Amino acid sequence: METIIEPFKIKMTEPIKFTSRQQRENIIKEAHFNLFQVAAENVTIDLLTDSGTSAMSSEQWASMLRADESYAGSASWYHLKNIIGNMTGMPNILPTHQGRASERILFSLIGGKDKIIPNNNHFDTTRANIEFTGAKAVDLVVDQAYEPDQAFPFKGNLDPQKLKSLIREVGAEHIPLCMITITNNSIGGQPVSLSNIKEIKDICQKHNIPLFIDAARFAENAYFIKQREKEYAHLSVGEIVRQIFDLTDGATISAKKDGLVNTGGLLLLRDNELAKRAINLLILTEGFTTYGGLTGRDLEAMAEGFLEAVNEDYLRYRIRSVDYLAEKLLRANIPIVRPTGGHAVYIDAKSFCPHISPNLFPGQAIVCALYRVAGVRATELGSVMFGKDGGDLSQKNCHHPSHKMELVRLAIPRRVYTQSHIDYVVEALIEIYKDRDKLKGLRIIEEPSILRHFSLKFAEV
Ligand code: F0G
């Protein structure tokens with residue numbers, strides 16, 4: 001059979017609220033055109049993020065009832081630790097409440113002034129946690145990543161030449177670790193090849209630089225390796241995952257993505273001395289080493305979630321369902337990043353509305369239109385999310401340094417929406433695309449100093 005179907009049935013449902021166009025006009029104005037400020041109950045289809053929004057399986061819910069809530073040494077902790085240990089081979093496993101908590105602990109220990117952390121592309125929280133310590137976060141992704149219509153299979157790769165130049169330029173002693181984000185969220189959920197990870201590992205090893213991965217979407221990345229990298233097609237996803245982790249000295253993991261849970265994270269460390277120092281910080285702010293700010297229920301849901309994440313029937317459905325949305329948009333000539341990423345479809349806002357310049361945020365204009373037309377919530381990944389704070393706000397239209405790409409991300413929560421939900425999103429986008437000349441840019445009227453996209457206020461130009 002050619003049709004790839006959901007490898008699950010629906011046991012429980014959650015109602016969706018419908019709003020009128022007039023209601024949505026009022027809501028978006030009250031939210032100052034920032035969709036993070038809109039109450040979720042006023043959203044019909046929520047594609048803001050794939051993070052923490054997964055539907056859990058009956059097995060996950062059942063495991064939560066079996067959970068052990070002991071403060072120290074709970075059975076649920078040992079269950080999770082064994083599963084992650086077997087999957088990754090990492091000797092030190094620290095639980096945290098989400099990915100950025102792992103980032104904060106790691107970079108508090110190895111960051112600081114005069115330090116430089118390279119990555120293919122840092123996600124916003126990673127960059128913020130690095131820069132908060134005074135260190136500098138540098139993006140070294142391959143150039144193909146910045147050509148949205150070029151269907152290169154591993155656009156997430158870290159460019160080995162760029163890494164070598166950086167090491168030559170600043171000296172290995174200023175690079176406490178090198179990171180690779182799999183999949184590469186910021187430039188389109190694009191995968192990193194296993195041969196690229198091997199090549200980067202060789203360079204790092206030569207200069208004594210530890211290699212870490214941001215493994216939020218490790219299972220989707222491993223599935224792409226199996227599909228697109230011939231020499232690894234014979235391996236199971238589980239075996240590919242193990243090969244990836246064997247090449248690394250540690251990982252920060254947000255379990256809210258491929259971990260298929262609503263909250264949770266991990267910090268994995270190979271170095272025992274670094275682990276001891278990390279445990280001190282963990283206990284200070286997250287909790288004891290056998291729960292890290294999570295309940296026993298959370299730990300059980302994570303244990304089962306990580307097992308389900310590498311199931312190949314699930315991954316086939318997952319990757320195909322995202323590609324289904326991409327195919328329909330391409331058929332309508334809507335410009336998107338190609339090839340399709342793992343967890344989301346990314347609209348190329350520069351091509352979608354070339355009449356809006358990057359400093360008037362074309363991606364945000366599309367995000368607002370999607371909400372107005374259909375109550376669909378998406379995220380801008382461009383000059384709003386990655387631009388720096390904007391200078392003198394008393395000047396209208398002050399310039400905000402723009403990101404290399406202006407993208408709108410339609411992130412697909414795992415196991416949540418059906419094909420007809422996606423068809424509805426496609427219909428809305430086609431309608432907006434037909435009238436794209438009418439879209440208006442936005443300017444910032446109020447801006448916080450870090451992770452500004454969450455609470456920025458805009459006005460329409
Ligand atoms: N790394 C990557 C690649 C991410 O995409 C995220 C979160 C994090 C780290 C931080 O993890 O949220 O658990 O603290 N990404 C979400 C998103 C928020 O919408 O892409 P967290």
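## Starting from G250

Leaving aside its neighbours within four places in sequence, which residues is G250 in contact with? In this predicted model, the partners are M90, L211, F212, I213, L268 and L269. G250 is found in strand 7, and its relative accessible area of 0% means that G250 counts as buried.

G250 and M90 are 160 residues apart in sequence, yet their C-alpha atoms are 7.6 Å apart in space. Three other partners, L211, F212 and I213, lead us to strand 6, which covers residues 211–214.

Strand 6 is covered on both faces. L211 and I213 lie on one side, F212 and D214 lie on the other, and all four are buried.

Strand 6 pairs with strand 5 (residues 178–181) through four bridges, and the two run parallel. Within this pairing, I180 has I213 as its bridge partner in strand 6. To get from strand 5 to strand 6, the chain passes through helix 7 (residues 194–206), making a right-handed β-α-β crossover. Strand 6 also runs parallel to strand 7 (residues 250–254), with three bridges joining them. Here we meet G250 again, as the bridge partner of F212.

## Aromatic pairs

Now for the rings. A search of the whole structure finds nine aromatic pairs. One of them joins F218 and F245: the ring centres are 6.1 Å apart and the planes meet at 70 degrees, so this pair is edge-to-face. F218 belongs to helix 8 (residues 218–228) and F245 to helix 9 (residues 237–246), so the pair ties together parts that are 27 residues apart in sequence. With burial defined as under 20% relative accessible area, F218 counts as buried at 3% and F245 counts as buried at 1%.

Another pair is formed by F361 and F458, with centres 5.8 Å apart and planes at 70 degrees, so it is edge-to-face too. F361 sits in the loop between helix 13 (349–352) and helix 14 (362–374), while F458 is in strand 14 (residues 457–460), so this pair ties together parts that are 97 residues apart in sequence. F361 is buried, with a relative accessible area of 0%, and F458 is buried as well, at 2%.

## A ring cluster and two arginines

Ring pairs also link F8, Y314 and Y317 into a cluster. Y314 has a further neighbour to look for: R415 lies over the face of its ring, 6.0 Å from the ring centre. Elsewhere, the charged end of R436 sits over the ring of Y433, at 3.9 Å from the centre of that ring.

## The whole protein

Stepping back, the protein has 16 helices and 14 strands. Its C-alpha atoms fill a box of roughly 60 × 55 × 45 Å along the principal axes. A compact globule of 461 residues would have a radius of gyration near 23 Å, and the 21 Å of this protein agrees with that.

Buried residues make up 59% of the 461 residues. Among contacts between residues at least 6 apart in sequence, 73% join residues at least 24 apart.

Notes. Residues are numbered from 1 along each chain as its sequence is written. This is a predicted model: local features need pLDDT of at least 70, side-chain atom pairs count only at pLDDT 80 or more; totals for chains, interfaces and linings use all residues. Side-chain values use heavy atoms; hydrogens and water are left out. Rings of Phe, Tyr and Trp (its six-membered ring) pair if their centres lie within 6.5 Å; planes under 30 degrees apart count as stacked, over 60 as edge-to-face and the rest as tilted. Buried means under 20% relative accessible area, exposed over 50%, partly exposed in between (1.4 Å probe, protein chains only). A charge sits over a ring if NZ of Lys or CZ of Arg is within 6 Å of the ring centre and within 35 degrees of the ring normal. Two strands pair if DSSP finds at least two bridges between them. A crossover is right-handed if, with the strands pointing away from the viewer, the path from the first strand over the helix to the second runs clockwise. The radius of gyration is taken over C-alpha atoms; the globule rule is 2.2 Å times the number of residues to the power 0.38. Contact means heavy atoms within 4.5 Å.
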